Structure formats: C-alpha cells, structure tokens
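Subject: Structure for you to look through

Dear colleague,

I am passing on the structure we spoke about, and below it you will find my notes on what turned up. Please read them with the model open beside you.

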Amino acid sequence: MLRRRPLRAVLTGLATAAMAAVLLGCSSTDAADHGEGHVATVSGGGDAGPYAGREISDPKPRPEFTLTAQDGTSFDFAAQTAGRPTLLFFGYANCPDVCPTTMADVALALQSVPIEVAQRTQVVFVTTDPARDTAEFLGEYLARFDQGLPNRFIGLTGTQAEVENAQTVADVPLAEGDGTMHATSLYLYGADDLARVMFSAGDTQDEIAQDLETVAAA
C-alpha cells in the first residue's frame, strides 16, 4: 500500500526542486535592477533589529485594492485581512523558481509556529500574469502548498490594470515581461495594519517563522 509523504517532506522537496529548476523566464525585479519604481526602504535584518527579516525603516500601511479570489468572489485586501498577520506576495503560477520556493517556505514556516499564530495568519498571492493565471488556476496552484494548514492561501487575479494598480499601492515595482519579471518582496503586515518587516529571495522559512511569532505577539 502506498504511503503518503509527510507534508513537510513534500514541501521541502518542492522548494529544493524549484531552486534547481532551469530558469524559464521567471526573474526578480527591484529598484537596484531598474533604478525606478516604488520600493520600501529597508535596514539589515538579523541582529540589527527585532526582526530576522529586513526591517522596513518607514512602516508601510496595508494597501487598499480589490481583485478576484480563486473562488470567483471579489476580495478587498485591506478590509478582508485587516487586523491580522498577513503575508503578501506578487508572482505567477508558472514561475519555476522564486514563487514556488517562497510559497513552500511560507507553508513550512506556518507549520513550525504555534497553532494559534498559524490560525491568525493569512497568506495572499497576487498574480503578476493575469492573462494566464485565472482564478481557478491559482486555486489549483496554491492548493499544492496550503494542505493541512488552518487557513487556505488566497490567490488573487484581475485585469492587467487592476493587477498593476495592486502592485502600485502595495509599493512594489511593476512586473515586466508579461509578469515573468517581478519583485520578490514578501511583506508581513501586523495587527496594526502596518508592514514593519519584509523578506526576499534567499530568506529562509526559519526567518519567516521567527518574525511571524514576533508580529503576532505585538
């Protein structure tokens, strides 16, 4: 009889495979790459401050935008995540590296924190490729990562203009190359509706977990 692999082993495998995948166009973009766009000013993480991730010098308010969730309903990000720890990431479902690695790290982090922290935390993935990422497709994609967690990950899509507006109000550079070149910023908003810390490619599940506990306790 076949035995299911533990969720942690599956997610770790996904993260490892994603990092080893041949790049098929998924790239990161930030201010250093382009010298333009909206970006948060950050200070070094680690022992430089209270966070394991990158502390944001000027805390960013929870952005206000409305898109379509994977169940086809309208989702008002600011209103429907208000007052709870929320991780916000912009990417696309066909990304072979950064996006699945980030989602796997988030899932592993949520597995490792106290259950009450995981129960309070919402994860929101906004597509940068709305032409291909339908609501249904996003739902199927995110289901690979959130199985066994108390809250399902929310996938959001919309028109190109709506998605670009969401990036603008969230203060991240606009994705390029039909959405395949996108910011790797993962923002963590707290109960006060401010993001004081962010993560990027290379940050680990342990750092995300540590800061989830810090933010949830605030």
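Does C99 count as buried or exposed? With a relative accessibility of 0%, C99 counts as buried. Please keep in mind throughout that this is a predicted model.

A search of the whole structure finds zero of them, and C99 is accordingly in no disulfide, with the nearest cysteine sulfur, that of C95, lying 3.3 Å away. A pair of cysteine sulfur atoms would have to be within 2.5 Å to be counted as a disulfide.

Next comes the sheet. Eight strands make up an open sheet with mixed pairing, and their order is β2-β10-β9-β5-β6-β7-β3-β4. The edges are taken by β2 (54-61) and β4 (74-76), each of which has a single partner strand, so one side of each is left without a neighbour in the sheet. From one strand to the next, the twist averages 35 degrees.

Within this sheet, β5 (residues 86-91) and β6 (residues 122-127) run parallel and are joined by six bridges, and F89 stands opposite F125 in β6. Helix α7 (residues 160-169) packs on the sheet, where α7 touches β3 (66-69), β5 and β6, and its direction makes about 120 degrees with that of β3. Helix α4 (residues 98-112), for its part, lies across β5, β6 and β9 (186-189), running at about 165 degrees to β5.

The strands β9 and β10 form a hairpin with four residues between them, and D193 in the turn has a positive phi of about 65 degrees.

Finally, the interior. In soluble globular proteins, nonpolar side chains tend to be buried together. Here the largest nonpolar core has 34 residues, of which L87, V106, L110, F125, F153, I208 and L212 touch the most other members. The largest share of this core, eight residues, comes from α4. If we leave aside residues up to four places away in sequence, L110 touches A118, T121, V123, L149, F153 and L212. Another core, of 21 residues, lies apart from the largest one, and V124, V126, I154 and A170 are among its members.

With best wishes

Conventions: Residues numbered from 1 in each chain as written. Predicted model: local features only at pLDDT ≥ 70, side-chain atom pairs only at ≥ 80, totals over all residues. Heavy atoms only, no water. Pairing = 2+ DSSP bridges. Helix = DSSP H or I, 4+ residues; strand = E, 2+ residues; numbered from the N terminus. Axes fitted to C-alpha atoms, helices over the stretch in contact; angles between N-to-C directions. Contact = heavy atoms within 4.5 Å. Buried < 20%, exposed > 50% of the residue type's maximum accessible area, 1.4 Å probe, protein only. Core = buried A, V, L, I, M, F, W, Y, C linked by side-chain atoms within 4.5 Å.
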